[in-house]
2 protein chains.
Amino acid sequence: MADQAFVTLATNDNYARGAMVLGKSLRNHNTSKKLVVLIGPQVSDPCQCVLKRIYDEVRVVDVLDSGDAAHLAMMKRPDLGVTFTKLHCWTLTHYSKCVFMDADTLVLSNIDELFDREELSAAPDPGWPDCFNSGVFVYRPSIETYGKLLEFCTEHGSFDGGDQGVLNGYFSDWATADIAKHLPFIYNLSSIAIYTYLPAFKQFGGNAKVVHFLGKTKPWSYTFDPKAKKISGSEQDVSSNPTYLLEWWMLYSSSVVPMLHEQYGDQTF
Amino acid sequence: MADQAFVTLATNDNYARGAMVLGKSLRNHNTSKKLVVLIGPQVSDPCQCVLKRIYDEVRVVDVLDSGDAAHLAMMKRPDLGVTFTKLHCWTLTHYSKCVFMDADTLVLSNIDELFDREELSAAPDPGWPDCFNSGVFVYRPSIETYGKLLEFCTEHGSFDGGDQGVLNGYFSDWATADIAKHLPFIYNLSSIAIYTYLPAFKQFGGNAKVVHFLGKTKPWSYTFDPKAKKISGSEQDVSSNPTYLLEWWMLYSSSVVPMLHEQYGDQTF
Ligand SMILES: O=c1ccn([C@@H]2O[C@H](COP(=O)(O)OP(=O)(O)O)[C@@H](O)[C@H]2O)c(=O)[nH]1
Ligand SMILES: O=c1ccn([C@@H]2O[C@H](COP(=O)(O)OP(=O)(O)O)[C@@H](O)[C@H]2O)c(=O)[nH]1
Ligand SMILES: [Mn+2]
Ligand SMILES: [Mn+2]
């Protein structure tokens, strides 16, 4: 449907690379929805060009420059910069319903059925499972909600310093109100969960639909040898994400790198 | 109510010490429910005596000796020994409703309101949050259910080798069916969660009602100096459970140790 969209966010070129892979993975699994990426003004021109080839809509969001309520909010809480940018997804009112996905997620199968859910649907956060993880959520764009979220943000801040704290504060009945708003965990499988409860991962992980590279080390923090198909580098041990990390890099090197080469020429990127 | 009970399990003297502290913590918070402990035949006489002073009912469960369906099941799946013992809690049909609690849990306030919930109510497991954690759950004793659980157990085994795998396999619609069966996480706060998402613990942890010392290192794995009120020892760093661990030990040394002394005399225990 033309009035439904997957939405992501990238404020810099690193997260933009994530958004490229995410967009590609959605296309590869034949989504019928529109793809939108919100970008910060720091994203380079070549990256913007590549994003435009993958996404239907690339929208620059500059909170500092916006002159709207977000600008005011930002002056009160400068620590919540990226959070305010993420909340901008509620302004996409030319869509009736959207699914927000972090730029560090990867889609493993068609997930268009998520649009059957209502705002705010999300999967539990491993760690504190009465909070939802804000890496994947279903929402309804609305200027009214956007305004209320900004207000909440400036008044109460974020208990974790990021968007997840704000959104859980605002949609605070998620844990207790409606089971239909609990997305199955396989729609936001954090690589962390593999190690905290391995038998459950072995039992249910095969059905994973979205993997989320949550935490400090992102796929783009590693380096990859496309010939040997081997990942290396980064402070964190590569072995902690074996298959999914390889899947991310395979998609990146096969589908994204060629587009980046066209933009950058022989320049390194 | 006389036909409702808190139920726990201890197959050896170590877990029996946990059960003593748990029982004391329930009494200290003025529960109006009965307290039942299932014990294995290995629990020593002195420990049984102390348990009898704290609990209304101390029931020896010897699967190997039972001659019932559990014995048969056990011969097929000897690996699931403690699991079969735990399932015995469904045979307590002189109660209409029960709350099972692991012997490594500690109650921080009155939780009698849990009896308003229906079978099977439990809190999500951090790690794989579409599974419930089987350390605290509301259930209805029933010989029929008991039989079905044993059957499920022998046919499908346990995906994690323990009772949590079996119970999640049997009550498999927990994640999707009824939000009222999702106990708030503060009724089964695993000490692990403190470190996986510290800001959430800081925000919500103050409301904790039950703490669960899940994992390899149990409170009784440490040693305690009651004069200095200091915990030490064990392979795991003490700092990982600061307040709750101290609370466990304070209760143990003030209320349980004197009773053990009466039973054991000057013998070490
Ligand atoms: O500097 C940043 C940090 C975050 N993000 C966006 O905000 C999301 C949430 O941040 P992140 O994924 O790093 O947090 P985590 O999931 O690890 O908690 C990212 O996926 C991006 O979409 C961004 O664009 N730039
Ligand atoms: O040798 C054992 C192991 C377990 N248990 C009982 O089974 C529960 C579940 O085991 P545990 O708490 O060790 O598992 P965890 O919560 O760490 O996964 C315990 O709390 C006890 O009630 C027991 O009595 N003896
Ligand atoms: Mn993320
Ligand atoms: Mn336990």
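Trainee: What should I know before I start?

Mentor: It's a predicted model, so local features need pLDDT of at least 70 and side-chain atom pairs count only at pLDDT 80 or more, while totals for chains, interfaces and linings use all residues. Residues are numbered from 1 along each chain as its sequence is written, chains are lettered from A and ligands numbered from 1 in the order in which they are written, and side-chain values use heavy atoms, leaving out hydrogens and water.

Trainee: Which residues come nearest to ligand 1?

Mentor: A residue is near a molecule if one of its heavy atoms lies within 4 Å of it. There are 13 residues around ligand 1, and A:Leu9, A:Thr11, A:Tyr15, A:Gly215 and A:Lys218 come nearest.

Trainee: How do I read polar contacts there?

Mentor: Look for a pair of N or O atoms within 3.5 Å; within protein, one must be able to donate a hydrogen and the other to accept it, and residues adjacent in sequence count only if both atoms are side-chain atoms. Here, a polar side-chain atom of A:Thr11 sits 2.7 Å from a nitrogen atom of ligand 1. For oxygen atoms of the ligand, the distances are 2.8 Å to an N or O atom in the side chain of A:Asp104 and 3.0 Å to a polar side-chain atom of A:His212. Taken alone, ligand 1 exposes 510 Å², and the protein buries 77% of that (Shrake-Rupley method, 1.4 Å probe).

Trainee: And how do I size up an interface?

Mentor: The size is often given as the accessible area lost when the parts come together. That buried area uses a 1.4 Å probe and is summed over both parts. Between chain B and chain A, about 2,500 Å² is buried, with carbon and sulfur atoms giving 74%. On the chain B side, B:Trp128, B:Ile179 and B:Tyr197 lose the most area to chain A, together 32% of what that side buries.

Trainee: How many salt bridges cross the interface of chain B and chain A?

Mentor: Zero, using a side-chain nitrogen of Lys or Arg within 4 Å of a carboxyl oxygen of Asp or Glu as the rule.

Trainee: Where does B:Val58 lie?

Mentor: In strand E3 (residues 57-60) of chain B; strands are DSSP runs of at least two residues, numbered from the N terminus. Not counting residues up to four places away in sequence, B:Val58 touches B:Val37, B:Ile39, B:Leu51 and B:Lys52 (heavy atoms within 4.5 Å).

Technical notes
Buried area = accessible area lost by both parts, 1.4 Å probe. Helix = DSSP H or I, 4+ residues; strand = E, 2+ residues; numbered from the N terminus.
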